Amino acid sequence: MIESAIAQTAIRLVLLGLVIVLIPASYRVVVGETLPDRLQAVDLITTLLIGIIVMLALVEGTEVFVDMAVALAAFAFIGTISIARYISEGRTF
Amino acid sequence: MLIDLLGVVALFFGLFFCAVGVLGVIRMPDSLTRLHASGKVATLGLFGLLLGAALLMPSSSLRLLALGLFVLLTSPVATHAIAASVYRRREIVDELMEMQAEPETPAEPEAPIAVDVTAVLSRSRIQDIIEAQQRALQSHTRDDE
């Protein structure tokens, strides 16, 4: 855990800001004009989620959450690549 | 204490770039410019957050470094794949417009191509294609007269 109270408050503020930023990012998923726009917005949300998980690791003081973030990044990469290839070529692999 | 302060500054740096990237994704007019804005979140935003976390929690800095390297490797590849899909879609739409605008093949209002594409194309693009189709039909009939 981090001892200084200022750092704890700042971490919680940044976590709150990241969660608030998720809401306008999901606007593009709902409204997005084309399919690649929605895919790109989902990719953006996953990137923000990785940041949120790292912030949670800071709040809780547990390092295992960082491994969760790595796993989320790997699965998000595979999903984005396969959907993008499905849009452009009509098949995934 | 100084290291904690630096970490907090890095965290807010990352949060600022995350917010700016999301703002760009909402406000930018085009798919490719939106991709440009969301690239900032993946590099500057997430890297600020990871740097701040590594400064505040030095025991997990190796895992955070591995996560940063992984994101640095995969994020440009994913962005490139999305950009390629945007480009390919535009090519498909252009081919369809040319196909519909050709005067040799007078397109019926219920052309099978338009039905196939409905699932993939957005509503505005379909509107464009229908308008081009009607324009082609009008010019064709005018040529006959």
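Analyst: 44 residues of chain B are in contact with 41 residues of chain A, where contact is counted when two C-beta atoms, placed from the backbone, lie within 7 Å. Keep in mind that this is a predicted model: local features need pLDDT of at least 70, side-chain atom pairs count only at pLDDT 80 or more, and totals for chains, interfaces and linings use all residues. Residues are numbered from 1 along each chain as its sequence is written, and chains are lettered from A and ligands numbered from 1 in the order in which they are written.

User: Which helices of chain B supply at least two residues each to the side that touches chain A?

Analyst: Helix H1 (2-27), H2 and helix H3 (61-101) of chain B. H3(B) gives the largest share of that side, 15 residues. Helices here are DSSP runs of H or I with at least four residues, strands are runs of E with at least two, and both are numbered from the N terminus.

User: And what's that side of chain B like by class?

Analyst: There are 29 nonpolar, 10 polar and 5 charged residues on the side of chain B that touches chain A. Ala, Val, Leu, Ile, Met, Phe, Trp, Tyr, Cys and Pro count as nonpolar, Asp, Glu, Lys and Arg as charged, and the others, Gly among them, as polar.

User: What are the model's ipTM and pTM?

Analyst: The ipTM is 0.88 and the pTM is 0.76.

User: And pLDDT, chain by chain?

Analyst: pLDDT is the predictor's confidence in each residue, from 0 to 100. Chain A averages 88, with 95% of its residues scoring at least 70. Chain B averages 81, and 81% of its residues score at least 70.

User: Which element of chain B has the lowest mean pLDDT?

Analyst: Helix H4 (residues 112-117) of chain B, at 51, while H1(B) has the highest mean of that chain's elements, 91. Where pLDDT is low, the predicted coordinates should not be read in detail.

User: OK, chain A then. What's the fold made of?

Analyst: Chain A has 3 helices and 0 strands. Its radius of gyration is 16 Å, whereas a compact globule of 93 residues would be near 12 Å; the radius is taken over C-alpha atoms, and the globule rule is 2.2 Å times the number of residues to the power 0.38. The C-alpha trace of chain A spans about 55 × 25 × 10 Å along its principal axes.

User: How much of chain A is buried?

Analyst: 38% of its 93 residues. A residue is buried if 20 or more other C-beta atoms, placed from the backbone, lie within 10 Å of its own, exposed if 12 or fewer, and partly exposed in between.

User: Which residues of H1(A) are buried, and what do they pack against?

Analyst: A:Ala7, A:Ala10, A:Ile11, A:Val14, A:Leu18, A:Val21, A:Ala25 and A:Arg28 are the buried ones. They pack against H2 of chain A together with H1 and H2 of chain B. As a general point, an α-helix has 3.6 residues a turn, so residues three or four places apart point the same way.

User: Is A:Leu39 buried or exposed?

Analyst: A:Leu39 counts as buried because it has 23 C-beta neighbours inside 10 Å. A:Leu39 lies in helix H2 of chain A. Leaving aside neighbours within four places in sequence, A:Leu39 is in contact with A:Thr80, A:Ile83, A:Ala84 and B:Ile82.

User: Switching to chain B: how many helices?

Analyst: Chain B has 5 helices and 0 strands, and 32% of its 145 residues count as buried. Of its contacts between residues at least 6 apart in sequence, 67% join residues at least 24 apart.

User: Where is the kink in H2(B) centred?

Analyst: On B:Val41, with a kink of about 25°; the bend at a residue is the angle between axes fitted to the seven residues ending there and the seven starting there. The end C-alpha atoms of helix H2 (residues 31-56) of chain B are 37 Å apart, which agrees with the 38 Å that its 26 residues should span at 1.5 Å a residue. The expected span is 1.5 Å times one less than the number of residues.

User: Last one: what does B:Ala132 touch?

Analyst: B:Met97, B:Gln100 and B:Ala101, not counting residues up to four places away in sequence. B:Ala132 lies in helix H5 (residues 123-144) of chain B and counts as partly exposed because it has 17 C-beta neighbours inside 10 Å.
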